[in-house]
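Colleague: I am new to reading models of this kind. Could you take me through one part of this one slowly, strand by strand?

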Amino acid sequence: MGIIRKVHPTDIDLIEYLYGLITGLGKMEYKYLTFDKFMECRDSIYIYIDKCYEFSQYPKIDGFIACRRTNMEDIDIDKLLYYPQPHHILYSIEGFYIFQCNTNEKRHDVIKQLLNVIEIDKNDSFIAVKFFDEHGNPPDDDLLKELISHHYYFNKYNRGIHTFVKAPTTLINRSI
């Protein structure tokens, strides 16, 4: 198993390293991700590392997630279930990458832990995440199952882009 570590907002070397990793992959979803947009995520970048690298200066990263605050128009979402924030503010996951894992259990754990940390950190507004596929295929089964278990719902499909959204955590009176 591994642990989640928050990337310090002033650790520009690690932020540049993570940006270089995902943009160097040649994947469509990161083709238009600029370094400036990635830097907007610097307050909410989390990495999943193996426990044996906990105190290492250069840990082996199994996955990471990067989230920024934005608005609906900026990320092309038409509507939400309701609007908890003024000016249609929400969070957008700009970087979500799982590196090659040796077992499906570990991959599942990495996905789960990264979604958990963003859900806890950004629970005051909607969270949107987009998955790109030039053939229009939805995300793989492991990822889709984990999104559903974290209460993400399908919001929009447009030209190979699947958008999933999670509503903010709200207090519900369960005594009724």
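In which helix does Asp36 lie? After that, please look closely at the sheet: in what order do its strands come, and which helices lie across or pack on it?

Modeller: Keep in mind that this is a predicted model. Asp36 belongs to helix α2, which covers residues 35–39. With a relative accessible area of 60%, Asp36 counts as exposed. Its C-alpha atom is 25 Å from that of Asp78, a residue 42 places away along the chain.

Now the sheet. It is an open sheet of 7 strands, in the order β1-β2-β3-β4-β5-β7-β6, and its pairing is mixed. At the edges are β1 and β6 (152–158), each of which pairs on one side only. From one strand to the next, the twist averages 25°. Strands of a sheet are held in pairs by backbone hydrogen bonds, and a pair may be parallel or antiparallel.

Begin with β1, residues 2–6, which is joined to β2 by 5 bridges, the two strands running antiparallel. Within this pair, Ile3 of β1 faces Ile49 of β2. On to β2 and its other partner: β3, residues 61–71, pairs with β2 over 5 bridges, again in the antiparallel sense. Here Tyr46 stands opposite Ile65 in β3. Strand β2 itself covers residues 45–50, and because 5 of its 6 residues are buried, it is largely enclosed by the rest of the structure.

Ser92 stands opposite Ala128 in β5.

Next, the helices that meet the sheet. Helix α1, residues 12–23, lies across β2, β3 and β4, and runs at about 100° to β3. Helix α4, residues 141–149, packs on the sheet as well, touching β4, β5, β6 and β7 (161–166), with its direction at about 165° to that of β5.

Ser125 is buried, with a relative accessible area of 1%. Its side chain reaches the backbone oxygen of Ile89 at 2.9 Å.

Helix α3 can be checked for length. At 1.5 Å a residue, its 18 residues should span 26 Å, and its end C-alpha atoms are 26 Å apart, which agrees. The buried residues of α3 are Lys106, Asp109, Val110, Ile111, Leu114, Leu115, Val117 and Ile118. To read such a list, note that an α-helix has 3.6 residues a turn, so residues three or four places apart point the same way.

Key
Residues are numbered from 1 along each chain as its sequence is written. This is a predicted model: local features need pLDDT of at least 70, side-chain atom pairs count only at pLDDT 80 or more; totals for chains, interfaces and linings use all residues. Side-chain values use heavy atoms; hydrogens and water are left out. Buried means under 20% relative accessible area, exposed over 50%, partly exposed in between (1.4 Å probe, protein chains only). Helices (H or I, at least four residues) and strands (E, at least two) are DSSP runs, numbered from the N terminus. Two strands pair if DSSP finds at least two bridges between them. Axes are lines fitted to C-alpha atoms, for helices over the stretch in contact, and angles run from 0 to 180 degrees between N-to-C directions. Contact means heavy atoms within 4.5 Å. A polar contact is a pair of N or O atoms within 3.5 Å; within protein, one must be able to donate a hydrogen and the other to accept it, and residues adjacent in sequence count only if both atoms are side-chain atoms. The expected span of a helix is 1.5 Å times one less than its number of residues.
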